[in-house]
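Let's take a friendly tour of a protein model, looking at its pockets and at a pair of its strands. Keep the structure open beside you as you read.

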Amino acid sequence: MFIHHGLLPYQDPYLARFETWVDDKLRDLSEEVAKPVAQFATWHHLRRIRSMTTPEKSAQAPVHSAKQEITETIKFLDWLWETHQRTAANCTQQDIETWLATGPTTRKAVRTFIVFIKNTGTHHRGDIGHYTAKTRPAITQDQRVAWLRELLTGTSESLTYRVAGILLLLYAQPLVRVAKLRTDAIETNESTGNMWITFGPHPVPIPEPFADLLREHLKGRPNLRTGSDAQSPWLFPGTRAGQPLHPNGIMDRLRSLGIDLRGARNTALDEHLLVSPPPLVADALGYSHQIAFLHADAAGDAWSRYVNLRTKP
């Protein structure tokens with residue numbers, strides 16, 4: 001609360017807790033494991049996260065990714081030392097491939113560490129490629145429409161989480177991005193009542209009846225008595241002063257309903273790509289063009305037919 005009102009200097013809570021988390025992780029490790037992990041955590045992750053964190057850009061997402069990579073690196077180096085008495089400096093390509101092949105796909109997170117020790121000159125022999133998922137979760141279009149109908153008209157959740165879920169199902173928005181939306185992303189034409197929302201370079205229309213639901217949410221946003229004020233900029237204000245809802249909380253609430261979050265986002269994006277070219281979808285929904293084309297390929301439509309659909313002047 002003091003930070004929000006300017007009485008204390010800004011400090012990102014995720015970064016502060018991450019620094020403590022790193023120290024706790026290193027405390028009980030053997031020297032052979034602790035030294036390379038400390039270098040990796042300090043010179044790759046902490047340096048990068050500190051440089052990119054601002055009051056407008058939280059460290060939440062990069063800290064989450066860093067914790068995964070550090071945890072998997074510790075497991076790998078523990079196994080390497082206990083099984084083969086080798087360290088990061090003298091591990092072999094076979095060690096890396098054996099580790100990846102004999103465990104869950106989460107082990108792919110060691111790739112960043114392998115690249116780090118090669119770039120810093122600690123190790124030159126090992127290599128690891130990019131991981132490609134073997135499956136791509138998706139729901140059917142009928143399931144997507146059924147969930148949209150439920151969130152628009154049902155009573156299975158409170159209004160806040162229904163609006164967040166519709167933004168996922170209608171506009172293929174990741175919930176991490178949904179949680180960070182501000183009220184100024186929404187525009188209303190006072191004369192016509194039409195509404196738009198901005199995810200990328202250009203605003204996109206908000207159709208009825210979702211527009212009515214969104215108006216209702218804007219009139220009664222929750223958590224406006226948390227020490228910030230009624231002028232909170234967040235579309236989904238959180239319980240902490242000046243902070244939005246945590247995306248994990250939104251994910252948990254929607255998962256509890258039975259929504260496959262990744263599948264819903266993939267299907268929503270696929271449906272947009274089936275009716276519009278990838279660059280237009282990317283600009284409208286805030287995706288990179290590369291991601292849009294990858295999803296178009298996965299959806300089975302790379303828009304090679306787009307030129308043939310053009311009409312003559």
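## The largest pocket

Helix α3 gives the most to the lining of the largest pocket, with nine residues. Keep in mind as you explore that this is a predicted model. The space in this largest pocket comes to about 1800 Å³. Its lining is made of 41 residues, and those closest to the pocket's centre are H64, Q68, K108, R262 and R265.

Which elements give two or more residues to this lining? They are α1 (13-27), α3 (60-84), α5 (111-119), α8 (175-179), α10 (247-257), α11 (261-275) and α13 (289-298). Sorted by class, the lining of the largest pocket holds 17 nonpolar, 14 polar and ten charged residues.

## The second largest pocket

Now turn to the second largest pocket, where about 510 Å³ of space lies. Here 23 residues form the lining, and H4, Y10, A241, G242 and Q243 are the closest to the centre.

What does the lining of the second largest pocket have by class? You can count ten nonpolar, seven polar and six charged residues there.

## A hairpin of two strands

Next, find strand β2 (residues 195-198) and strand β3 (residues 203-206), which run antiparallel and are joined by four bridges. Together β2 and β3 form a hairpin, with four residues between them.

Which residue in β3 does M195 stand opposite? Look across from M195 and you will find I206. As a general point to take along, side chains in a regular strand alternate between the two faces of the sheet.

Notes
Residues numbered from 1 in each chain as written. Predicted model: local features only at pLDDT ≥ 70, side-chain atom pairs only at ≥ 80, totals over all residues. Heavy atoms only, no water. 1 Å grid on protein atoms, 1.4 Å probe; cavity = no way out; pocket = protein on both sides within 12 Å on 5 of 7 lines; lining within 4 Å. Points joined across faces, edges and corners; volume = space filled by probe spheres on them. Nonpolar A, V, L, I, M, F, W, Y, C, P; charged D, E, K, R; others polar. Pairing = 2+ DSSP bridges.
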